[in-house]
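Hi,

Here is the structure I said I'd pass on. Have a look at it first, and then read on for what turned up.

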Amino acid sequence: MIRRRKALKNIGLLTGGMLSITYSCNIIPEISYINLPLIDSKQQELIAVICNLLLPIKSETFPTPESREHFVLSMVNDCLDDKERIKFLDGFKTFQIEIIKNKERSFKDMFLEDQVDFIAKYINEKKSEIGVFLNHLKHYSILHFETSENYMKSYLKFEFMPGRYEGTVLVKS
Amino acid sequence: MTNTFDTIIVGAGMSGGWSAKEFSEQGFKTLLLERGPNVEHPVDFPTTNMQPWEFKHRGQLTSKEIEDNPVASSCYAFREDAKHFFVKDKDHAYGQVKPFDWIRGYQVGGKSIMWARQVQRWSHFDFEGPARDGFAVDWPIRYNDLADWYTYVERFVGVSGNKDGLDVLPDGDFLKPWESNVVEKYFSQEVKKYYKDRHVIYGRCAHLTESRPIFIEQGRGICMSRRICQRGCSLGGYFNANSTLIPWGLKTGNLTLKPNSVVHSILYDEDQKKAIGVRVIDSNSKVSQDYFAKVVFVSASTLNTNLILLNSKSKRFPNGLGNDNGLLGKFIAFHNYRATINAEFEGFPQYTTEGAKPTSHYIPRFRNVYRQETDFLRGYAAGFGAQPNRETNKEGFGAELSNQLLSTKETGVWNVNSHMMGETIPKESNLVSLDQEKTDAWGIPLLNIDVDYDDNDEKMIQDFYEQFSEMYEKSGFVNIKTNDNGRRPGNDIHEMGGVRMGKNPKTSLLNAWNQMHECKNVFVTDGACMTSTSTQNPSLTFMAITARAANYAIRQMKKGLI
């Protein structure tokens, strides 16, 4: 638990966000994002669930300095311009309304198949509000994964200090 | 601290660094002024050892940084890892009469920390260009005047290259090159097959590929081809002033480095009829202080050098120091980087590359070299790069997407690309001037920049498209696409001129030794001194010209002539 708290604190430092831990039965990490003031801890959990559905990767195999949802939200908070961020938030709001309207239960409580069906319904409607929201999550999830140490080293041949260049290397079959 | 020195140098970038080294090494008490903070190698390179995944935004800028810095963020190197070395737009305003990206690095080391490190010599074709083609004014020097100084600089800097034996791009004192890849070699051979006068060669770069005693003495290590040079290199693998010239000068005990010192103007004494020093404003306290010396070297970066000289007004020089002919600030030129071309090549699917290298290939100017052959003046050099293409399918979501990302692979196709580096013609109408009303935080007039492309540049772009499309087609490249990237003047970061060298005081500001015609103890040795631009990345020439001018001034000082 101590390690987890330390990790959460590091996330707070890394994201530049304000980390507040509520001590209760369940410790719910909540990082405040200055441009996303209405995203609370439950919504952060929901973002985490959606991100994991969009790109399910074992974080033990591809560890990163921060959790997926906090990376994604940091990017939305810092790197999307105001117009795109509003679209993202509108999409998130509509996403939650649609869930309640159609299923009358929270997304997290839905069956996995229903969750997947719901995302599949909107992910290719890239101009729809929910489509914009989902595709931002997907884009930053991929970036998070593709810049993980293991992926860069094992799949993209990344070397921090190669010290060499070989220009005629036979492709291994 | 005393305020009297033998020499004052304005600007601690690579030009100022060279004069600082030369003067201090030869026993002259030297003051090196820098308007920005100190950056000490390697402790002030905060991101140099950060891994890609350690950056909060994985290298990207925030939307606010882009919004606040439309100029700085237009530079390829202004990213999360190196943004701290660039001037922020709001901190240092200037006037754009026409759109101009003034990319600056205000710190000890200047832009030498973030530069592109390409170091090609000029040839006699370049120095003879204005006289032959009837533009600007004749250079007062030729290649032979500078050849030994190029060598002198290269030996200290460390330049990796091949001896190519080309008259259009003279060889230097090179360290071994990195290997060329199979497509670079292929394109080089194809071009040689079809064209007598076109060459695809290894791009000479300021990186240490082997050790020599001089580099050990500097405390520098071999380049590990990390390709993150813009962050500053903890190893000293590439050349910047911070790991070489400045500590070298400081070691002599004769050099005083004074950061946070904004030079307001050069002080001119009406009785002695010469400059006596400089007026400096502390960038933090804004307190003004005068410093005095026998000789002043100005190398504050091209446009800031123009600004300082224009702002150095006296009874004798009411329009700026040495500006009797009214040409100070005029004939600004740059390099035209607007045209690019890319394509694919399917010729070597069995090969790939491993490791990395901090340079690519280079195609020296081939247009109008030996005779005028086009309807535009001068010509362009170009880069050439070839990389194995990697395919990653990012469609879909869920396990399908995960599996696709984990199945990323090289396709066997190579991406190839070139970018144009065009010579622009210096014109009187391309100029900088002082704003009559607006001043900066230190009370210094803002610089207004009025610089643009012209018809010659547009014709050159079209020719680049035609010639490179043909070269690519003949080499079997496919899916060829040309592009005008719309880069604004200045974005090349090769602005030059305004205080040009020349033979005649009526048409130039500096003589063959970079000495002001009208104020003999003031020398200008950065890009401001350039009479024309050629096509080559100019930094090596700035350094060679500076070393030459400094040693001339030293000889004159020893003789008591200045």
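Before the rest, some housekeeping. This is a predicted model, where local features need pLDDT of at least 70 and side-chain atom pairs count only at pLDDT 80 or more, while totals for chains, interfaces and linings use all residues. Residues are numbered from 1 along each chain as its sequence is written, chains are lettered from A and ligands numbered from 1 in the order in which they are written, and side-chain values use heavy atoms, leaving out hydrogens and water.

Back to the interface. Chain A puts 53 residues into the contact and chain B 50, contact meaning heavy atoms within 4.5 Å. The rule finds 5 salt bridges across the interface of chain A and chain B (a side-chain nitrogen of Lys or Arg within 4 Å of a carboxyl oxygen of Asp or Glu). K56(B) forms a salt bridge with D78(A), their closest N and O atoms being 3.0 Å apart. On the side of chain A that touches chain B, the elements giving two or more residues include α1 (2–15), α2 (41–54) and α6 of chain A; helices (H or I, at least four residues) and strands (E, at least two) are DSSP runs, numbered from the N terminus. That side divides into 31 nonpolar, 9 polar and 13 charged residues, where Ala, Val, Leu, Ile, Met, Phe, Trp, Tyr, Cys and Pro count as nonpolar, Asp, Glu, Lys and Arg as charged, and the others, Gly among them, as polar.

One helix pair to look at: K138(A), I142(A), F145(A) and E146(A) in α6(A) meet L401(B), L405(B) and L406(B) in α10(B). The residues of this contact are 5 nonpolar, no polar and 2 charged.

Within chain B, D68(B) forms a salt bridge with K90(B), the closest N and O atoms being 3.1 Å apart. D68(B) is in helix α2 of chain B and K90(B) in the loop between α2 and β3 (95–96), so the pair ties together parts that are 22 residues apart in sequence.

Two backbone spots are worth a look too. The H41(B) to P42(B) peptide bond is cis, with omega near -10°, and P42(B) lies in the loop between β2 (30–33) and α2 (63–68) of chain B. A136(B), a residue other than glycine, has a positive phi, near 50°.

Cheers
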